[in-house]
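Q: I would like to learn how to read a structure one feature at a time. Please give the general idea and then the case at hand.

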Amino acid sequence: MLSHKLFIAFLVLSAASRVIAADALPMDALRAKFPHGIPWKVDVVNADGKSRGELEMLITSDHARSCMGDVGDGFRVDFIRPDVLSPPLPLASYGVARFVDNKIKIDLTGGTCDAYLVMDGMVTSDGSSAGDIYTFGRGGVHDVGTYHASIKK
C-alpha cells in the first residue's frame, strides 16, 4: 500500500514538473541566458510601411518605474544609439518593460508622464518579438507603426 502511494506521489510530481516546464516563459529563459541584459535589435516601420531604421536596446534586470498603470514597476530598458531612427522617435533616456506571460509592453518614455510612446507585442521562445508602436496621452491614441525585435548577435 505504501509503495502504491509513493508511486502515485511520483506520478503527480512528475506531471506537475512537466506543467511547470511547459509554462516557462520566453523572457524567463532569456534572462537566464543573458544575465547582464537581453540585447535586442528592433526594426521600426512607420504606419505607412516605410522603415525608420533599427534601434538597439538592452532589457536589463534593473527595476524601473513607469507612470503607465499597466507597466508600473518593470525592468529598465537602455537605448543604444537611439539617434539612428529617421525621423526620430521621442525616446526618453531609458524605457520600462513589463512582461505578462508571453506579452511585452515597453514604455519608451521611461519616467516621463502623460505623453507615452509604447511598444506592445508578443515574445517567442527564440527571443523575437513583433507588435505595434503607438503614442497616447491627452490627445488620444495614435499609431506610430510596427516593430520586429530579435536577439542581437
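Q: How many bridges pair E3 and E4, and in which sense?
A: Two strands count as paired if DSSP finds at least two bridges between them. Here E3 and E4 pair over four bridges in the antiparallel sense. Asp78 has Tyr94 in E4 as its bridge partner. The model is predicted: local features need pLDDT of at least 70 and side-chain atom pairs count only at pLDDT 80 or more, while totals for chains, interfaces and linings use all residues. Residues are numbered from 1 along each chain as its sequence is written, and side-chain values use heavy atoms, with hydrogens and water left out.

Q: Which way do E4 and E5 run, and how many bridges join them?
A: E4 and E5 run antiparallel and are joined by five bridges. Ala97 stands opposite Ile106 in E5. The hairpin of E4 and E5 has two residues between the strands, and Asp101 takes a positive phi near 55° there. As background, side chains in a regular strand alternate between the two faces of the sheet.

Q: Why is strand E4 described as largely enclosed?
A: Burial is read from relative accessible area: buried means under 20%, exposed over 50%, and partly exposed in between, with a 1.4 Å probe and protein chains only. In strand E4 (residues 94-100), five of the seven residues are buried, so the strand is largely enclosed by the rest of the structure. Over the protein chain, buried residues make up 39% of the 153 residues.

Q: Which residues does Glu56 touch?
A: A contact means heavy atoms within 4.5 Å. Not counting residues up to four places away in sequence, Glu56 touches Trp40, Asp78, Phe79, Ile80, Arg81 and Lys152. For the protein chain, residues 24 or more positions apart account for 41% of the contacts with a separation of 6 or more.

Q: What polar contacts does the side chain of Glu56 make?
A: A polar contact is a pair of N or O atoms within 3.5 Å; within protein, one must be able to donate a hydrogen and the other to accept it, and residues adjacent in sequence count only if both atoms are side-chain atoms. The side chain of Glu56 makes such a contact with the side chain of Arg81 at 3.3 Å. Another, of 3.1 Å, joins the side chains of Glu56 and Lys152.

Q: How many salt bridges are there, and what does Lys152 pair with?
A: A salt bridge is a side-chain nitrogen of Lys or Arg within 4 Å of a carboxyl oxygen of Asp or Glu. By this rule the count is six. Lys152 forms one with Glu56, the closest N and O atoms being 3.1 Å apart. That pair links distant parts of the chain, with Lys152 in the segment after E8 and Glu56 in strand E2, 96 residues apart. Lys152 is partly exposed, with a relative accessible area of 38%.

Q: What is the partner of Arg138, and where do the two residues lie?
A: Arg138 forms a salt bridge with Asp114, with the closest N and O atoms 3.9 Å apart. Arg138 is in the loop between strand E7 (129-137) and E8, and Asp114 is in the loop between strand E5 (103-107) and strand E6 (115-123), 24 residues apart. Arg138 counts as exposed at 79% relative accessibility, and Asp114 as partly exposed at 46%. Elsewhere, salt bridges that share partners join Glu56, Arg81 and Lys152 into one network.

Q: Which cysteines form a disulfide?
A: A disulfide is a covalent bond between the sulfur atoms of two cysteines. The rule used is a pair of cysteine sulfur atoms within 2.5 Å. A search of the whole structure finds one disulfide. Cys67 and Cys113 form it, with their sulfur atoms 1.6 Å apart. Cys67 lies in the loop between E2 and strand E3 (73-80), and Cys113 in the loop between E5 and E6, 46 residues apart.
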